[in-house]
Amino acid sequence: MFGYNEDSATLFNISLDENRKPFYYRTYLTGIDWQQATGVKFLKTTGSSADIDNKILVFVNYGIYEGKTYIGPKEFSKLEDKSNYYTFNEGEDILLKGIHDIEITNSQEFNDIQKNYDDVVKIINVTKCELTKHFELGCE
């Protein structure tokens, strides 16, 4: 769709269990387009405008990845068993460029990924494009 769709990423969805302890769900996204962005503006969830210079745009086609189906963040948060789903939650979820066999079991490991890997970004804006059947993820 955009470019060659030869990129991949590891998505980590963050959810809190009944004790408010974070739990991290990993999904491999393949056939995506990961682009460095310059000179673009978009709205953050706070409603304020954000420059996207030196930010990342990730284009993800609608689809099933690793047998998992996309659902919206609110619906995802209500599920008891999240293992068959993925979502894009603004301000919470992260992407790590490439496929990485990493399990996160606690907040420290989550912070370590952000410190120890290049190309780790937080999703800050999600646009669902019905006409072209893809998501545009603004990340920083």
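Helices (H or I, at least four residues) and strands (E, at least two) are DSSP runs, numbered from the N terminus. The views below show a predicted model, in which local features need pLDDT of at least 70 and side-chain atom pairs count only at pLDDT 80 or more, while totals for chains, interfaces and linings use all residues. Residues are numbered from 1 along each chain as its sequence is written, and side-chain values use heavy atoms, with hydrogens and water left out.

**View 1. Ile 124 in strand 9.** Ile 124 belongs to strand 9, which covers residues 120–129, and with a relative accessible area of 10% this residue is buried (under 20%, against over 50% for exposed and in between for partly exposed, with a 1.4 Å probe and protein chains only). The C-alpha atom of Ile 124 is separated by 8.6 Å from that of Asp 93, although the two residues are 31 apart along the chain.

**View 2. The ring pair of Phe 88 and Phe 135.** Rings of Phe, Tyr and Trp (its six-membered ring) pair if their centres lie within 6.5 Å, and planes under 30 degrees apart count as stacked, over 60 as edge-to-face and the rest as tilted. By this rule there are 10 aromatic pairs; in one of them, the centres of Phe 88 and Phe 135 are 5.1 Å apart and the planes stand at 65°, so the pair is edge-to-face. This pair links distant parts of the chain, 47 residues apart, with Phe 88 in the loop between strand 7 (85–86) and strand 8 (94–97) and Phe 135 in strand 10 (residues 134–139). Phe 88 counts as buried at 2% relative accessibility, and Phe 135 counts as buried at 2% as well. Ring pairs also join Phe 88 and Phe 135 into a cluster with Tyr 62, Tyr 65, Tyr 70 and Tyr 86.

**View 3. Lys 82 over the ring of Phe 76.** The charged end of Lys 82 sits over this ring, 5.7 Å from its centre, where the rule asks for NZ of Lys or CZ of Arg within 6 Å of the ring centre and within 35 degrees of the ring normal.

**View 4. Cys 129 and Cys 139, two buried cysteines.** Cys 129 is buried, with a relative accessible area of 16%, and Cys 139 is buried with a value of 0%. The count of disulfides (pairs of cysteine sulfur atoms within 2.5 Å) comes to 0.
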